[in-house]
Structures are given as C-alpha cells and as structure tokens.
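Please read this brief report alongside the model.

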Amino acid sequence: MTGHRPPAEDTTTDVIRWAAFSCVLVPVVLLWYGTSLAGATGTAFGLAAVTAVCRILLRQSERGAARLAQEERAPRRGRHHRGGTGARRGGRHTGGNTPVG
C-alpha cells in the first residue's frame, strides 16, 4: 500500500476488483461446465460492460459526495447565505426616514 486512502475509496476499489475478478471467473466456470466459447465470451463482455458502467457511476458518486462534504465545511458567503438580520432591498418600508418633498 502506498498511502492511506479513505474508507469509501477502499470500498469502491474492492468492489471494482471483485467485479473484475468475476469477469474472468464466470466465463471460466461456464467453459468448465460445457458452455460454448462464444457464450462464455459474450458473458465476459457483458460483465465487463456492466462493471465499467458501475465503476463510472461509483466514481461519479464519490466526487459528488466529496463536493457536498466540502460545501458543508465551507463558510456560507454570498447573496444567498447572508447571516444575521438586517434591512433588505426591495421590501416595504414603513415610517422612519422617508423624505417628504
């Protein structure tokens, strides 16, 4: 191991490794039990395609979760995240310092 990885990354990597292992193991077992070479090859390609799509979705989910966690840690600034109370533009003004002209 070349460094410490977060638990979520370890889990995702393990899932992908097991899926890749299955892409090899399942066709071998199918051949062992008498399935045709074409059938085993088609199964291998199908499993590889599903594994690739799942890998893409898992990585995308990880990035989204990391971005969400980063936004939650960041201080709230900007127009939509004002803190405290105060006068807001465009609202109704009652009494006070309105000029009479």
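## Salt bridge

A salt bridge is a side-chain nitrogen of Lys or Arg within 4 Å of a carboxyl oxygen of Asp or Glu. The structure, a predicted model, holds one salt bridge. E62 pairs with R59, and their closest N and O atoms are 3.3 Å apart. Both residues sit in helix α2, three residues apart, about one turn of the helix.

E62 is partly exposed because its relative accessibility is 22%. R59 is also partly exposed, at 21%.

## Basis of the model

Residues are numbered from 1 along each chain as its sequence is written, and side-chain values use heavy atoms, leaving out hydrogens and water. In this predicted model, local features need pLDDT of at least 70 and side-chain atom pairs count only at pLDDT 80 or more, while totals for chains, interfaces and linings use all residues.

## Overall fold

The protein chain has two helices and zero strands. Helices (H or I, at least four residues) and strands (E, at least two) are DSSP runs, numbered from the N terminus. Helix α1 covers residues 7–32. Helix α2 covers residues 37–73.

Buried residues make up 7% of the 101 residues in the chain. The chain exposes about 9000 Å², and carbon and sulfur atoms supply 60% of that area. Accessible areas come from the Shrake-Rupley method with a 1.4 Å probe; for residues, only the protein chains shown count as cover.

## Aromatic pair and nonpolar patch

The structure holds one aromatic pair. W18 and F21 form it, edge-to-face, at 5.7 Å centre to centre and 85° between the planes. Rings of Phe, Tyr and Trp (its six-membered ring) pair if their centres lie within 6.5 Å; planes under 30 degrees apart are stacked, over 60 edge-to-face, the rest tilted. Both residues lie in helix α1, three residues apart. W18 is exposed at 58%. F21 is partly exposed at 45%.

W18 and F21 also belong to a nonpolar surface patch with L25, V29, W32 and Y33, with about 800 Å² of accessible area together. Patches take residues with over 30% relative accessible area and no salt bridge, joining like charges within 9 Å and nonpolar side chains (Val, Leu, Ile, Met, Phe, Trp, Tyr) within 5 Å. Y33 sits in the loop between α1 and α2. Y33 counts as exposed because its relative accessible area is 69%.

## A buried threonine

T51 lies in helix α2. T51 is buried, at 16%. T51 touches A19, A20 and C23, not counting residues up to four places away in sequence. Contact means heavy atoms within 4.5 Å.

Conventions
Buried < 20%, exposed > 50% of the residue type's maximum accessible area, 1.4 Å probe, protein only.
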